[in-house]
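Dear colleague,

Please find the structure below, handed over for your records. My findings follow directly after it.

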Amino acid sequence: MKAYYGQMLEIAQNLVGKWERREGQPVKITDDYTRLTLDTIALSGFGYRFRSFDKEDLHPFLNALLESLIESLRRSQELPMMTKLRKADDKKYRANIRQMQELVESVIKGRREGNGTSEEDLLALMLQATDPDTGKLLADDNVRDQVLTFLIAGHETTSGLLSFATALMRNPHVLAQAYAEVDRLLPGDTVPDYDTIMKLDVIPRILDETLRLWAPIPAFGKAPSQDTVIGGRYQLKKGTRVNILEGPLHTHPKAWERPDEFDIDRWLLENRAKQHPHAYKPFGNGLRACIGRQFALTEARLALALVLQKFRFADTADYKMDVKEALTRKPGNFELIVRRRQEHQQTVFGAADLRTDDMQAQAAVSGVGVSLTVAYGSSLGACEDLARTIADRGERSGFGTTLMSLDELGDDLPTEGLLAVVAASYNGKAPDNAQRFDDLLAAGLPEGSLSNVRFALLGAGNTQWVATFQAFPKRIEEGLLAAGATPVIERGIADAAGDFDGMATRWMNTLWATLAEEYAADTSEASGPRYQVQLLTEADVRPAIVSEQAYPVTVVANEELVADATGLWDFSIEPPRPSAKSVTVELPEGVTYDTGNHLAVFAKNEPALVDRALTRLGVDRDQALRLDQPAGGRTHLPVGTPVTAGLLLTEFLELQDVATRSQIQALAEYTQCPWTRPQLQAYTADTEEAEERYQKEVLGKRISVLSLLERFPAIELPLAVFLEMTGPIRPRFYSISSAPQGNPRHVRLTVGLLEGPALSGDGQYRGTCSSYIAGLEPGDVVYGYVRVPSPAFAPPADPATPLILIGPGTGIAPLRGFLEERAWQYENGTRVGLSQVFVGCRHPEHDYFYRQEMQDWERAGIARVHTAYSAVPGHPARFVQNAIAGAADTVWQAIEDGAYIYVCGDGRRMAPAVREALAAIHRRRTGSDDETAQQWLAQLEADERYQQDVFA
């Protein structure tokens, strides 16, 4: 439903727009809901826009449909002979059907020719899916008829539901409840998101009760599969059709109290449980019940919520229910006058209690005499940062604190005290600095070796990788328990696809609160800032160290890879891509790399971003200062080193990170403004409403601390506090696009610029590192280091092994390195296996990266290149998964010949689609089921013949 929600919202807003233009005038409720539901199913399922709200007359498709339904109903109620005598009606009936078929056929034809939506919608599925047994596609006339079924069933009943609900909502008691709910969850002009719509309670109960009294489908038919007796009284032969009448069923006095009364409270959770399980069947029954139920109810929830948020109704004609029936039922001639709700007509809700757990005093803990080992497994730094936070507080609380990686922990396991572990997993495998520890877990920790150790474990990950989410943290937990360790609290979960910081913070608060019950003393957070700022003169300033791991690398070349797209295609199909760069850098003497490695790059914040921060903080760029940290502890800042304010914010701080709830809480403490403080606290209160607001308005829009400071000028934040709450510049990891054989110190990177309208609505967003790299020139020096990815992503040792390389867009980066290595081997007389290369872009004249090299390698016999062009109508493959399916014979033969498969790029859509394409090939070639195909892929992964280097 989330995938369809954007289209649902767009069409619902079109309805609202029309009613706003007709304010104070009667609107045809049933007709407009019919426009709404037709446009929604057409856009969501088939990428077609009826644009029904652009004109007052109903779309010809709707008129043809209505006349066809009326005729169908009439035919079902008369003898076939009578139907044959009505020749003119029959001719009109067939013409209407043909008119609807022609419209759908034109949509299918356009999609076949590459026009229309870029989404993988229902129509795309029907056009691309193949029969698992025969491998055949659905015939176009079959697809046409399926689409017509969806268009009819997908809109006719939902429009009836909305019309009946609006008529029944004239009940003042019910309407007041509905308005109150909308005002609470969607105050003012708030645009509803999916999660908010799914939290509605009153509106769903209105819809349920409407379906009970006025189900749009008045009856459905069933037939027994064998001779049977119903209720011990009614004998039915096999195949005897029985019509179940919705009205009598839904108002049966033995099943319903006050059956004819419109009472939404009967759908409260406690009352719903008392209902007879077979007394309510608005969507039919059994396996043949409506498959679009969730779609219809979500669409109806959203439509009613938006309508109630914006309008009040006047029923000057005192409408009496006049039901019109044409296979389905709807209120006939139903008109209401709509007027916009004014501010004084809306209920204003305030936070009843904005005090949160985080606002209360920190747990009093003293760890004097107690050892605390904090271990982390981290590839990209997030888990290490959390571990440092735990270690820092533990150290200031008096614990004998040691911070180390999990690999280091494996070399020196504690025998007593406390152990805190923060670890992530990548495709189910351990991070870089936890590989040896994972091997140790596999072998088994010595039994009883941790019997005097108590542990707390926080597992990080991303739920987009459902199959392997929390895999490594779970292995840690099992291993520690098997060795005799005792948990302090339950394993925590921090999801990078959601409120990662909030989840981690709540787990850490629980940890310290639990420890406070045993170790009593005051180690609460210091009330003042951890840093003290001392202003210096320019003469005291000295360079600062960027990172212990980093070394200087020199830019050799920086070339643009993307050409102007003007005139190449219709940008309504897909917009051009932003800039992408091919950057070559030189490593220092004595440093080299292997094919498939990463280069970590430490970026610098752009001058404009730094100037924004300095202006808001009231500090000059050239102001010299020195940081002191009297209480000690770990830090990412150059403590004791003279530095300018401009250099400090440019090189050491992540200025675009999303503000966390704890940071927002801290901001609230530095304002005396009676308006500003409640605004900030409304994000941090310990309520579902506050968490939803934070998720939607801060996390969902990527709002930073700096953005909040600019939005709320009454916050008087000292520089020292800003430094404390802002995280360190983190390295960004780029797959190396070259091979070391030609020049072991020259590294090529392929970097796509992250640039576009900011989700916050505040101007443009530019990625910190990609924009930094884009501006580099030959001779510039940057800091970075070579990193071996984990899991490994490297070509097989035997050059004769065939390869299948799949890398659309910038995903070609490491695969270009693989091909460059094979080309060098080939030129030096080594026999190399053929590489099947699948590349994807928008248009070959726009963003086909390294096109000339690909053609050269293909001519040399090193590679065979398969292309996918998403903006070229008529090209055989739009995406790489389509190209793989089109080359199924070649791909299968390569795998049979021992090919290694490498996938690089988007992990959210492309990688799963590629995996499914390979599984489909296996199913067709072997006749297996999906479970067997997935086991086959898993075995390829275990054998390291299927490797991925993907990103979210």
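Strand β6 is joined by 4 bridges to β9 (residues 335-340), and the two run antiparallel. Strands here are DSSP runs (E, at least two residues) and helices are runs of H or I with at least four residues, both numbered from the N terminus; two strands pair if DSSP finds at least two bridges between them. Ala314 has Ile337 of β9 as its bridge partner. Helix α13 (residues 293-310) packs on the sheet and touches β6 and β9, with its direction at about 80° to that of β6. Contact means heavy atoms within 4.5 Å, and angles, from 0 to 180 degrees, are taken between N-to-C directions of axes fitted to C-alpha atoms, for helices over the stretch in contact.

This is a predicted model, in which local features need pLDDT of at least 70 and side-chain atom pairs count only at pLDDT 80 or more, while totals for chains, interfaces and linings use all residues. Residues are numbered from 1 along each chain as its sequence is written, and side-chain values use heavy atoms, leaving out hydrogens and water.

The sheet is open, with 3 strands in the order β1-β9-β6 and antiparallel pairing. Its edge strands, each pairing on one side only, are β1 (26-28) and β6 (311-314). Helix α2 (residues 29-46) lies across β1 and β9, at about 50° to β1.

Elsewhere, buried residues (under 20% relative accessible area, 1.4 Å probe, protein chains only) of α31 include Met910, Val914 and Ile921. Gly927, with a positive phi near 75°, follows α31.

Yours sincerely

Definitions and conventions:
Buried means under 20% relative accessible area, exposed over 50%, partly exposed in between (1.4 Å probe, protein chains only).
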